[in-house]
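I opened a new notebook page for this structure.

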Amino acid sequence: PEYVEPKEARRADVTYDDIGGLGSTIDQVREMVELPLRYPELFQRLGVDPPKGVLLHGPPGTGKTRLARAVANESHAEFFHIAGPEIMGSAYGESEKRLREIFEEAGKAAPSIIFIDEIDSIAPKRGQVTGEAEKRLVAQLLTLMDGLESRQNTVVIAATNRPEAIDEALRRPGRFDREIVIGVPDERGRREILGIHTRGMPLGDKVDLAELARTTYGFVGADLAALTREAAIEAVRRIMPRLNLEEKTIPPDVLDTLSVTREDFLE
Ligand code: ATP
């Protein structure tokens with residue numbers, strides 16, 4: 001399923017407050033990515049190289065992309081997004097070229113974050129791929145990672161839900177040598193995520209987010225976001241009969257009665 005929200009794709013204003021249920025994972029990411037990006041002098045002083053590559057690993061829709069955007073935003077870093085499958089589709093030699101260009105642009109824009117979504121699609125185990133194009137792309141990515149100077153202040157964050165499927169060479173020291181597991185949210189996490197996605201919604205008195213969190217076992221962030229969107233659409237459907245479509249705007253008294261009810265969520 002396609003979970004990407006096009007609107008969010010253009011926005012870089014997501015913050016840590018817009019991510020639910022990831023608690024200490026956010027602290028890990030801050031330590032690994034935000035600190036070195038914001039205060040490179042800390043690491044220089046200690047004489048250690050900050051991480052160049054971090055692998056986020058977890059099921060689809062758990063917030064990996066959103067987390068990468070939030071870190072970029074909160075670190076005041078430029079955000080470069082590479083969609084794995086998309087870059088793969090290009091013509092002969094084009095994929096490598098595109099990859100090189102993005103790394104170059106990101107280097108110039110530093111501090112910056114390059115986010116590679118679904119990295120397994122561009123860097124599968126070389127032993128298991130037959131196509132020359134795939135092999136060349138993995139090799140190109142390795143070269144680019146190695147070429148990143150640690151003082152250059154660019155961090156590559158990659159996401160996958162199949163960490164065992166990516167080329168082992170990518171996980172060696174100096175490449176994606178840090179790994180952060182992003183899990184499916186528990187009840188508390190789901191409650192937090194529901195809170196985030198209903199933040200700006202007028203909710204009916206009977207809406208009980210704790211109850212919704214209890215009854216949505218197995219839902220990930222993307223599912224919960226979809227659930228609140230659907231509920232809002234139900235609310236719009238209910239008010240439709242009261243709208244006069246000849247009017248350019250909706251009268252305030254009608255708008256004031258618009259709220260998302262418990263039933264809208266349960267539909
Ligand atoms: P994929 O691996 O499929 O790309 P992902 O893990 O990168 O998924 P996102 O694209 O970040 O997931 O999430 C999709 C949408 O789901 C987000 O835009 C957001 O609306 C919602 N969402 C997912 N996880 C969370 C979360 N932890 N907190 C709040 N919203 C979330």
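**Entry 1: buried or exposed**

I began with a term. A residue is buried when its relative accessible area is under 20%, exposed when it is over 50%, and partly exposed in between. I also noted that this is a predicted model.

**Entry 2: a salt bridge at Asp 120**

What does Asp 120 pair with in a salt bridge? I found Arg 162, with 3.2 Å from N to O. Arg 162 sits in the loop between S4 and S5, while Asp 120 belongs to helix H7, residues 119–122. The two are 42 residues apart, and the pair links distant parts of the chain. Arg 162 is partly exposed, at 41%.

As a reminder to myself: side chains of opposite charge can pair when their charged atoms come close.

I picked Asp 18 next. Asp 18 forms a salt bridge with Arg 199, and their closest N and O atoms are 2.8 Å apart. Asp 18 lies in the loop between helix H1 (6–10) and helix H2 (23–38). Arg 199 lies in the loop between helix H9 (187–197) and helix H10 (209–214). The pair therefore ties together parts that are 181 residues apart in sequence. Asp 18 is buried, with a relative accessible area of 17%.

Then I looked inside a helix. Glu 101 and Lys 97 meet in a salt bridge, at 3.7 Å from N to O. Both are in helix H6, residues 94–108. They are four residues apart, so about one helical turn separates them. An α-helix has 3.6 residues a turn, so residues three or four places apart point the same way. Glu 101 is partly exposed at 32%. Lys 97 is partly exposed at 38%.

**Entry 3: the sheet**

I turned to the strands. What is their order in the sheet? I read S2-S3-S4-S1-S5, an open sheet of five strands with parallel pairing. S2 (78–83) and S5 (176–181) stand at the edges. Each has a single partner strand, so one side of each is left without a neighbour in the sheet. The twist averages 20° from one strand to the next.

I followed the pairings. S2 pairs with S3 (residues 112–117) over six bridges, in the parallel sense. Phe 79 has Ile 113 in S3 as its bridge partner.

S1 has partners on record here too. Five parallel bridges join S1 to S4, and five parallel bridges join S1 to S5. Val 54 stands opposite Ile 157 in S4. Val 54 also stands opposite Arg 178 in S5. Is S1 enclosed or open? Four of its five residues are buried, so S1 is largely enclosed by the rest of the structure.

**Entry 4: helix H4**

How many of the eleven residues of H4 are buried? I counted eight, and H4 is mostly covered. Among the buried ones are Lys 64, Arg 66 and Leu 67. After H4 comes His 76, with a positive phi near 55°.

**Entry 5: the nonpolar cores**

Which residues touch the most other members of the largest nonpolar core? I noted Phe 103, Ile 114, Ile 116, Ile 119, Leu 141, Val 156 and Phe 176. This core has 26 residues. The elements giving two or more residues to it are S2, H6, S3, H7, H8 (132–147) and S4. H8 gives the most, with six residues.

I took a closer look at Phe 176. Leaving aside neighbours within four places in sequence, Phe 176 is in contact with residues including Val 54, Ile 119, Met 145, Val 156 and Leu 170.

There is also a second, separate core of 24 residues. Its members include Tyr 16, Val 29, Ala 68 and Phe 115.

Terms used. Residues numbered from 1 in each chain as written. Predicted model: local features only at pLDDT ≥ 70, side-chain atom pairs only at ≥ 80, totals over all residues. Heavy atoms only, no water. Pairing = 2+ DSSP bridges. Axes fitted to C-alpha atoms, helices over the stretch in contact; angles between N-to-C directions. Salt bridge = Lys/Arg side-chain N within 4 Å of Asp/Glu carboxyl O. Buried < 20%, exposed > 50% of the residue type's maximum accessible area, 1.4 Å probe, protein only. Core = buried A, V, L, I, M, F, W, Y, C linked by side-chain atoms within 4.5 Å. Contact = heavy atoms within 4.5 Å.
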